[in-house]
Amino acid sequence: MTSLPAPDARASRPDLRVELALLLALATLWGASYSFIRIGVETIPPLTFIAGRTLIAGSILLAVIRWRGLSPPREGAVWKRFLLQACLNSVLPFTLIAWAEQTVDAGSAAILNATTPIFAFLITLLLTRHEAVGWRKAVGVLAGLGGTVLIIGTGAVDGIGRDLLAQGAIVLATVCYAGAAIFGRVFKGLDPIMPAAGSLLCGAALLLPVSLAVDRPWTLSPSPDSLLALAGLSVFSTALAFVLYFRLVHTIGSVPTTAQAYLRVPIGVGIGVMMLGETLEPTMLAGCAAVVLGVAAMTIPARSRS
């Protein structure tokens, strides 16, 4: 069993402004993924849709690796870790969320998906203890969750419990994401594109045979919109997002990286206000402030006392 590497306190700290900008970019890319999925599964079964997502994204990253003149790892132990990361970060959560989004309403799904930092915090506190989880991160977790509820509206909570099976699938997906963020630290020292490509290709290797056997993709007639959604999801919300994700896990830590789950909510609200003319309620402004406070508490390191 490979132990999780301990963070080096003496290592040079990354530029926090750059890392926060990348965290915001990751939140935007993954925030857009729910729209891509909703459009895609209208005419493509969830299993085949996610198999295509992992195959296209993994192939793109493999091509970039070759273009950069790099070689993927050849050690079997590394590919076993890629396979486990694939299960935690793509195969299980991608498929569960795609299936659940066929029935779960947007408000409930957003609240449930925003619980990833809570699970990452608890797993780190109770099990792995691979990074510091003091009171600041605890406050950040709670503030971010409270802000998420305010942004969506407390009425959205009423929908939780009506479709327990699908909602349970989303909760299980968030637990997988939390575990993936923590396990992803074993790839420290690798170029971020390597675990991104390796885990996606392993995910495709697991999903494609099942998709061929269950959905028989050659018999499907996907709409142009679904195909475009699959392309956008694969290129931007998967290939590019995974590279950013593994970089952030290494630079700011696993628990802070999961803070993007909170950032996705105000980003979605902002898109609705700017592009769709939706109304910004006072509770949304308060919620956005709470989310920003929570993300700051989880990501900005405390000043060292010297």
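**The cavity**

How many cavities of 30 Å³ or more does a search of the whole structure find? The search turns up 1. Here a cavity is a set of points on a 1 Å grid over the protein atoms alone where a 1.4 Å probe fits but cannot get out. The largest cavity holds about 180 Å³ of space, a volume being the space filled by probe spheres set on the points. It has 15 lining residues, and W30, Y34, F94, Y177 and R264 come closest to its centre; lining means having an atom within 4 Å of a point.

Two or more lining residues come from each of α1 (16-40), α3 (76-100), α7 (164-183) and α11 (260-276). These helices are DSSP runs (H or I, at least four residues), numbered from the N terminus. α1 gives the largest share, 4 residues.

**Where α3 meets α8**

α3 also packs against α8 (residues 193-214), at an angle of about 65 degrees and with the axes 7 Å apart. So α3 is roughly perpendicular to α8, a label for angles of 65 to 115 degrees. Axes are lines fitted to C-alpha atoms over the stretch in contact, and angles run from 0 to 180 degrees between N-to-C directions.

Among the residues that meet are W79, F82 and L83 in α3, and M194, P195 and G198 in α8; contact means heavy atoms within 4.5 Å.

**About the model**

This is a predicted model: local features need pLDDT of at least 70, side-chain atom pairs count only at pLDDT 80 or more, and totals for chains, interfaces and linings use all residues. Residues are numbered from 1 along each chain as its sequence is written, and side-chain values use heavy atoms, leaving out hydrogens and water.

Methods. 1 Å grid on protein atoms, 1.4 Å probe; cavity = no way out; pocket = protein on both sides within 12 Å on 5 of 7 lines; lining within 4 Å. Parallel < 35°, antiparallel > 145°, perpendicular 65-115°, else oblique.
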